[in-house]
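Okay, everyone, thanks for coming. Let me put the thing up on the screen, and then I'll walk you through a few spots.

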Amino acid sequence: MRVTALPKGGRHVGTVSATRGVMKAVPLARVYVADLMSSVWEYLHFLSSLSHAHSTYFIFRWKFNRKDLDVDMDYSLVEGNLLINNPQATKHSGVYQCIATNAFGTILSREAKVEFAYLQNFSSKARSPVLVREGQAVVLLCGPPPHFGEIRYSWIFNGRPSIVVGDNRRFVSQRTGNLYIAKVETSDVGNYTCVVRNVMTNTTVYSSPTPVVLRRDGERMLVYPHFPAVMGEYEPKIEVQFEKMLHIAKGSSVRLECFALGNPVPSISWKRADGSPFPGKMKINHSNGVLEIPYFRPEDSGLYECVAENSKGRSIAKGRLVFQSKTLYDANMAIESDLHWECKANGKPQPVYRWLKNGQPLVSQDRIRVAGGGLTIYNMNLMDSGMYQCLAENDNGVIYASAELKVVASPPDFSKNPVKKTTLIRRGGEAIIECRPHASPRASYSWRRGNEFLKDSKRRTISEDGTLRIANVTKSDAGSYTCVAKNPFGTSSSSGTLVVKEPTKITVPPLSMDATVGESIVLPCEVSKDSTLYPVFKWFFNGKLIDFSRHDHFGMIGVSSSGDLMIRNVQLKHSGKYVCMVHTAVDSVSAAADLIVRGPPGAPVGVLVGDVTDRTAQLSWGPGPDNHSPVTLYIVQARTPFSIGWQAVKTGIGLCELSSVNLNPWVDYEFRVAAINNVGVGEPSVPSKPVRTKAAGPEVAPANVSGGGGSRGELVIVWEPVPEELQNGEKFGYVVAFRPLGTTTWKQSVLASADASRYIYKNDTFQPLTQFEVKVGVYNEIGEGPFSPVVIVYSADEEPSVAPPRVWARSLSASEIEVFWEPVHQSGSKGWITGYEWLEDGSPENDAERVRVTESSVIITGLKGSTLYLMSVRAHNSAGTGPSSTPISITTKKPPPSQPPGNIEWNLTNSKVFLNWEHVKAMDNESEVTGYKVICFFFLLSLFCCFADKHAVSNITFESCIIYCFSITFFFFFFFFFLSLSRYAHVTSFELLS
């Protein structure tokens with residue numbers, strides 16, 4: 001071990017612990033402390049702190065360079081701690097070791113080497129420039145000066161005060177000090193300075209700058225030797241990696257470095273080879289080049305992988321972290337027994353081993369054998385007790401492992417491990433009764449049943465370790481058994497009882513069976529057992545215990561002697577082996593059955609489309625799982641941008657390929673396949689990649705060709721456009737052909753638009769309603785298609801030339817008038833008359849209120865009261881409207897009075913009701929009052945209406961009206977009153993009425 005000198009007040013602590021007064025060496029921790037070369041530290045402490053389980057007296061000695069150290073003015077000894085006053089590098093550097101002794105033995109601490117930290121300056125010699133190409137990797141070497149103590153590396157770019165920050169492209173290794181640039185960019189050109197700081201002395205030194213220059217054509221490029229002179233993109237190469245095997249002590253911190261060069265810049269990731277996740281304590285820095293594991297524990301050991309990856313490839317570095325555990329353990333051994341200790345250490349070069357007892361060397365002699373790291377002591381006696389140490393040593397140092405040996409002599413003692421009080425065993429089984437007293441040396445054993453000592457027989461044996469075995473147990477073997485143990489120091493015994501039970505048997509085992517998806521099944525499990533035992537049923541599925549609280553499909557049913565397994569709504573995943581296991585206090589039995597669940601087949605895989613023509617395509621696919629029921633047929637489905645969902649294009653296919661499918665030309669298709677078995681139709685496959693059929697000439701003519709109408713001299717032709725999925729190719733259009741009926745020459749017009757649905761031919765020479773033969777054809781880039789059937793279409797008609805000869809009207813109310821006219825005779829008009837419309841004269845025609853009808857009259861509503869209107873009527877057809885008739889005038893009636901009667905009063909005398917109100921006087925623009933209406937209501941029910949004569953005075957008795965109203969009112973009143981009474985008195989009759 002190496003210790004660096006501390007500044008004033010610093011100390012290095014090594015510990016020696018005591019258990020029951022026996023000392024054990026605890027390895028000293030590695031510590032670096034600073035030595036400023038211009039001054040001398042005043043103190044250096046070595047503390048060997050002791051923890052005492054019991055008060056005991058210790059004697060401490062120290063060695064310096066393997067010689068006894070005399071405590072003089074330079075040294076002081078305080079409770080075993082060595083204090084060095086005014087330490088000096090030339091005088092006090094060397095190897096120190098503490099020796100502690102008490103009544104139980106002697107133990108040596110690890111050796112501690114004291115050195116003084118320092119850091120020299122870099123050479124002032126200028127560094128050669130590094131010529132690189134853009135995209136090339138480069139490694140800048142630091143080459144630290146001579147030093148001792150922990151140091152830290154960083155780099156400065158172009159003399160800036162800030163350091164080069166590591167990222168996924170740049171990395172500074174704290175192992176080598178070098179700067180690694182995975183891919184050089186133009187911004188990287190400049191001067192780089194390596195900075196080294198000694199953590200202990202806190203001193204910092206700077207190297208000479210290393211220029212990085214972009215190489216021009218023709219110059220010799222200085223490249224990293226593993227890479228070619230000319231760099232394009234290349235796969236990653238891990239340049240900084242950790243050791244292939246590291247032995248880590250418990251509680252230590254581990255720092256693993258990994259960085260790769262490559263173009264594009266590689267990404268770095270970490271993982272464990274066994275796939276287990278990293279615990280939260282592990283840290284990965286932002287560039288992923290460093291993995292830190294604090295507080296190393298056994299579960300952190302294993303194989304670690306660093307993966308560097310870019311678009312050109314990947315590279316992996318692996319290293320195993322091994323948990324370094326204690327190699328020696330304290331031993332309490334019986335007298336006359338044998339001891340073997342094995343001491344193992346790792347190091348380069350391989351270490352050699354030495355053994356010490358109480359600080360003195362051990363060599364092979366008599367009962368002691370020392371062979372490498374192994375120590376064996378045969379037939380131990382009490383004098384062999386003491387403190388033992390194993391030393392592993394090579395050129396790099398020495399490590400110690402310590403343990404205490406106690407040799408014990410005692411008579412047999414059952415106090416801590418008596419014979420089991422009651423042993424339950426099934427009839428026909430094997431009873432095993434152990435006898436394990438503490439005895440030193442080992443005892444000899446005998447057994448008795450009652451007062452009879454047992455001897456070995458065919459069914460009964462007594463082994464050397466005292467265990468009694470009884471095979472094929474019967475009821476007569478039940479009873480009390482006593483183990484007697486004896487050694488030279490005494491005899492002791494312990495007793496227990498053997499109880500024999502009837503064996504458990506599965507009388508109704510589960511049977512292998514088939515099931516269909518969705519069914520519910522029961523696997524039986526019934527046992528016969530001893531009446532005093534309580535069986536516990538457990539079910540296993542494919543080797544795993546079924547947790548019924550976490551599975552909705554599984555349930556266990558039955559009484560004390562049965563534990564049947566119910567599987568509800570069985571699914572394909574439930575296929576497998578089921579085991580019913582029954583446990584009792586004396587035995588365990590089990591029975592197994594296989595369940596096969598049959599379901600619809602799984603989805604076919606790998607649907608491929610090939611040999612695509614204008615109407616066919618060849619499909620192939622791979623079969624999916626048949627789910628225990630053979631596939632009988634396949635269904636091929638297709639989908640296009642024009643279809644509604646998936647459509648079946650072929651069914652009843654028995655093979656995994658289809659030579660052709662009837663398709664439409666120039667349409668994008670996706671295909672999928674579903675399988676069928678005796679259970680049902682399975683899930684469809686993943687759709688194939690879209691394919692487009694080749695183009696072909698159109699085959700579908702436009703539908704519903706017709707026409708007519710339009711302005712004079714026009715032939716209007718209309719049709720339903722051909723759907724896009726039936727156009728069969730690009731550059732789709734229409735050919736419109738027409739000719740006057742009775743002629744032989746077709747006139748054609750081409751419409752280069754797939755969306756066209758109307759064509760107008762204008763020629764003022766042909767007469768209105770001329771008959772034409774019309775057909776519409778199609779074409780695309782491949783060629784022409786068929787024409788539609790020939791239909792007769794009339795050219796545009798001529799507007800009517802005659803107005804209705806006679807028009808009259810009458811006023812119906814303040815808002816309605818009715819207009820009448822005499823129809824136009826068809827023979828007197830040039831155009832064919834299809835209807836009439838009226839309009840209000842005096843207003844713009846585009847704003848006129850017009851209603852088109854086919855009859856010879858119309859009721860016009862929504863008019864203003866007491867208003868004069870001028871009305872005219874004209875005929876119309878598809879070509880337009882004819883001349884208007886001579887306007888007629890009509891005035892709407894005045895509106896009714898707007899004010900209601902006022903001051904309404906009423907009096908009831910005997911059977912008469914007298915109503916009085918004020919007469920209503922109409923306004924000038926209102927019609928005269930001709931009478932009044934009286935309405936009687938009861939619960940919003942209108943019962944009767946009376947009308948007064950227009951000449952009646954306002955003070956009038958409507959005796960007959962009112963008497964009748966009141967008689968009806970009283971009738972309903974008593975009727976509802978009767979119902980209400982019945983509701984409370986006779987609920988049943990009420991319900992019957994209701």
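Quick housekeeping. This is a predicted model, so local features need pLDDT of at least 70 and side-chain atom pairs count only at pLDDT 80 or more, while totals for chains, interfaces and linings use all residues. Residues are numbered from 1 along each chain as its sequence is written, and side-chain values use heavy atoms, with hydrogens and water left out.

Back to leucine 769. It sits in the loop between strand E70 (758-762) and strand E71 (771-779); strands (E, at least two residues) and helices (H or I, at least four) are DSSP runs, numbered from the N terminus. Leu769 also belongs to a nonpolar surface patch with Leu741, Ile792, Tyr794 and Trp832, and together they have about 500 Å² of accessible area. Patch residues have over 30% relative accessible area and no salt bridge, with like charges joined within 9 Å and nonpolar side chains (Val, Leu, Ile, Met, Phe, Trp, Tyr) within 5 Å. A salt bridge here is a side-chain nitrogen of Lys or Arg within 4 Å of a carboxyl oxygen of Asp or Glu. Areas are Shrake-Rupley with a 1.4 Å probe, and for residues only the protein chains shown count as cover.

Now for something on the inside. Serine 494, in strand E48 (residues 490-501), is buried because its relative accessible area is 9%. What does the side chain of serine 494 reach? The backbone nitrogen of valine 419, at 2.9 Å. Leaving aside residues up to four places away in sequence, serine 494 touches Phe414, Pro418, Val419, Tyr481, Thr482 and Cys483, where contact means heavy atoms within 4.5 Å.

Next, some strand pairing, which takes at least two DSSP bridges between two strands. E57 (residues 576-583) pairs antiparallel with E53 (residues 536-541) over 6 bridges, and lysine 538 has methionine 581 as its bridge partner in E57. E57 also pairs antiparallel with E58 (residues 588-598), over 8 bridges, and a hairpin of 4 residues joins E57 to E58. Tyrosine 578 is bridged to alanine 593 in E58.

Zooming out, the chain has 3 helices and 86 strands, and 42% of its 994 residues count as buried.

Note on methods:
Buried means under 20% relative accessible area, exposed over 50%, partly exposed in between (1.4 Å probe, protein chains only). A polar contact is a pair of N or O atoms within 3.5 Å; within protein, one must be able to donate a hydrogen and the other to accept it, and residues adjacent in sequence count only if both atoms are side-chain atoms.
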